[in-house]
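The notes below follow the order in which I looked things up.

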Amino acid sequence: MIFFVEDDENIRNLVIYTLEASGFEAVGFEDGETFSKGLKEHTPELILLDIMLPKEDGISILKRLKRDKNTAEIPVIMMTAKGEEYDKVLGLELGADDYITKPFGMMEFVSRVKAVLRRTKPKENKDKVINFNGISLNEESHEVKVGDEVIVLALKEYRLLEILMENPNIVLTRDRLLLKVWGYDFDGETRTVDVHIRTLRQKLGEAGKEIETVRGVGYCIRKQEYR
């Protein structure tokens, strides 16, 4: 199920029609209030969220989604007529998984929806815990701890940490992280990685220092015994 929050009825109906014609179940909402009511009845696989909405804008709704443990890991694609870099960076900093600027072609739109769903599909048959440098990451439950404290991460922050911890002592370039976390068809810049690393470090607190910046290259987590 895909939820689409858009106040323009014509756009909302067109997108819902396109999604259903592509084999998805989709429901449209005109504002944050009706969307919130819908969330109480169903948990969607993906949320398409317009920024310019009446009453409560998309950024405020995104913040609310990422603060709630019940909705924090639902992937979100931001959609808006605005194309300024500030809006894109802000949405990504808050945990959005992609950003589509209107107007957009429907074939590209469906392709990007499929790409996000593919990248965020839960991993199966995994019961693995990576544990070092005071950080514990459970790949089955998607739970991250620093010591005994559970750290709530957005999906992209979790994936970045997971990849870094799965490749200790290896410097991963920004391009490689973009490929692994966002997919080859992500139409973004390497600054996207920097934005997410910064918020990841902040959430990890002191343990965030374990993520090293290798100037001009990328990022790395080194096991303590190699220091």
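I began with β6 and strand β7 (residues 135–138), which pair in the antiparallel sense over four bridges. I took strands as DSSP runs of E of at least two residues and helices as runs of H or I of at least four, numbered from the N terminus; two strands pair if DSSP finds at least two bridges between them. For Val129, I found the bridge partner Asn138 in β7.

The model is predicted, so I noted its limits: local features need pLDDT of at least 70, side-chain atom pairs count only at pLDDT 80 or more, and totals for chains, interfaces and linings use all residues. Residues are numbered from 1 along each chain as its sequence is written, and side-chain values use heavy atoms, with hydrogens and water left out.

I then traced the sheet that holds this pair. Four strands form an open sheet in the order β6-β7-β8-β9, with antiparallel pairing. Its edge strands, each pairing on one side only, are β6 (129–132) and β9 (149–151). From one strand to the next, the twist averages 20 degrees.

Helix α6 (residues 155–166) packs on this sheet and touches β6, β7 and β8 (143–146); contact means heavy atoms within 4.5 Å. The direction of α6 makes about 105 degrees with that of β7. Axes are lines fitted to C-alpha atoms, for helices over the stretch in contact, and angles run from 0 to 180 degrees between N-to-C directions.

Two bridges join β10 to strand β12 (residues 218–221), and Leu172 stands opposite Tyr219 in β12.

Which angle do α6 and helix α8 make where they pack? I read about 85 degrees, with the axes 9 Å apart and α8 spanning residues 191–204. α6 is therefore roughly perpendicular to α8, a term for angles of 65 to 115 degrees. Leu160, Leu161 and Leu164 are among the α6 residues that meet α8, where the partners include Ile197, Leu200 and Leu204.

Finally, I recorded that the protein chain has eight helices and 12 strands.

Note on methods:
Parallel < 35°, antiparallel > 145°, perpendicular 65-115°, else oblique.
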